[in-house]
Amino acid sequence: MHDSCFLLRLQHRPFRQVIDQKTFQYLLSLACQWAKTQEEFVLARGVPLRPGQIADARRVGVQDLSRVKVLVVDRIPLPDNAELAAAAQYTQIITAACRGVAIGHAIIIRADSWGDRELLLHQLVHVAQCEQSGGLEHWIQRYLIDRHNCTKFTIGCLEEEARGLAREICAADQVKEAIRK
């Protein structure tokens, strides 16, 4: 185990710092490697967006629509590296309850959540954020630094943007549909 990973052990103590800077940098490197592998896997095996999903992707600002692929899985994969997996779970970035994740242009959705438009929109916002950040590695760094700088490694502004925009679009479409009826 990495020298400073003692902070990752699940101990129920009052909040101090979730992950120290040395551990954060070490895990950031592992996270980038893992994410590249996951993106390559999904881009090779996933399916392209359907027409309605393409419209949603445009709506949230995705630029390279043809690169986006979706893979439906039984569960969202955790990293193989034990320390990175522990950090992902401890910080609530990937847990057993996770229903979807976007990694670059790759989107992984849990099978029991496949029909959840708001979840897919949320992931598409992350794809757009990644494109705006200049690529996968830059986005991962930006996302994790954003989460790391929040008290108790909470949501962060990128996650809040994705949740808010997805919710807003779905709510607006529900109002339009109600007006049509």
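Tutor: The cover over the buried residues of helix H5 includes helix H1 (21-45), strand E3 (100-103), helix H4 (117-133) and helix H6 (157-180). Cover here means contact, that is, heavy atoms within 4.5 Å. Helices (H or I, at least four residues) and strands (E, at least two) are DSSP runs, numbered from the N terminus. The model is predicted, so local features need pLDDT of at least 70 and side-chain atom pairs count only at pLDDT 80 or more, while totals for chains, interfaces and linings use all residues. Residues are numbered from 1 along each chain as its sequence is written, and side-chain values use heavy atoms, with hydrogens and water left out.

Now H5 itself. It covers residues 136-148, which makes 13 residues. The expected span of a helix is 1.5 Å times one less than its number of residues. For H5 that gives 18 Å, and the end C-alpha atoms are 18 Å apart, so the two agree.

The buried set of H5 is Leu136, Trp139, Ile140, Tyr143, Leu144, Asp146, Arg147 and His148. Buried means under 20% relative accessible area, exposed over 50%, and partly exposed in between (1.4 Å probe, protein chains only). An α-helix has 3.6 residues a turn, so residues three or four places apart point the same way. Gln141 also belongs to H5. Its relative accessible area is 33%, so Gln141 counts as partly exposed. The C-alpha atoms of Gln141 and Gln25 are 9.6 Å apart, across 116 residues of sequence.

Take H6 next. Two packed helices are described by the angle between their axes and the distance between the axes. Axes are lines fitted to C-alpha atoms, for helices over the stretch in contact, and angles run from 0 to 180 degrees between N-to-C directions. The axes of H5 and H6 come within 7 Å of each other and cross at roughly 100 degrees. Angles under 35 degrees count as roughly parallel, over 145 as roughly antiparallel, 65 to 115 as roughly perpendicular and the rest as oblique. H5 and H6 are therefore roughly perpendicular. On the H5 side, Trp139, Arg142, Tyr143, Asp146 and Arg147 make the contact; on the H6 side, Cys157, Leu158 and Glu159 do.

H4 is another part of the cover. Ser133 sits in this helix. With a relative accessible area of 17%, Ser133 is buried. Leaving out residues up to four places away in sequence, Ser133 touches His138, Trp139 and Arg142. Ser133 and Tyr143 are 10 residues apart along the chain, with their C-alpha atoms separated by 9.7 Å.

H4 also packs with helix H2 (residues 51-60), at an angle of about 50 degrees and with the axes 9 Å apart. H2 is thus oblique to H4. The crossing is right-handed. A crossing is left-handed if the near helix is turned anticlockwise from the far one by less than a right angle, and right-handed if clockwise. From H2, Gln53, Asp56, Ala57, Arg59 and Val60 take part; they meet Arg117, Leu120, Leu121, Leu124, Val125 and Ala128 of H4.

H1 comes next. This helix has 25 residues and reaches 36 Å from first C-alpha to last, close to the 36 Å expected. Its buried residues are Thr23, Phe24, Leu27, Leu28, Leu30, Ala31, Cys32, Trp34, Ala35, Gln38, Glu39 and Val42. They pack against strand E2 (69-73), H3, E3, strand E4 (106-110) and H5. H1 and H3 pack at about 100 degrees, with axes 10 Å apart. The pair is therefore roughly perpendicular. Tyr26, Leu27, Leu30, Ala31 and Trp34 of H1 meet Glu83, Leu84 and Ala87 of H3.

Gln92 lies between helix H3 (82-90) and E3. Its phi is near 65 degrees, a positive value in a residue other than glycine. At 57% relative accessibility, Gln92 is exposed.

Cysteines, briefly. Cys32 is buried at 8% relative accessibility, and Cys170 is buried at 12%. The structure holds 0 disulfides (pairs of cysteine sulfur atoms within 2.5 Å).

Finally, the whole chain. The protein has 6 helices and 4 strands, in the order α-β-α-β-α-β-β-α-α-α from the N terminus. Of its 181 residues, 49% count as buried. Among contacts with a separation of 6 or more, 65% join residues 24 or more positions apart.
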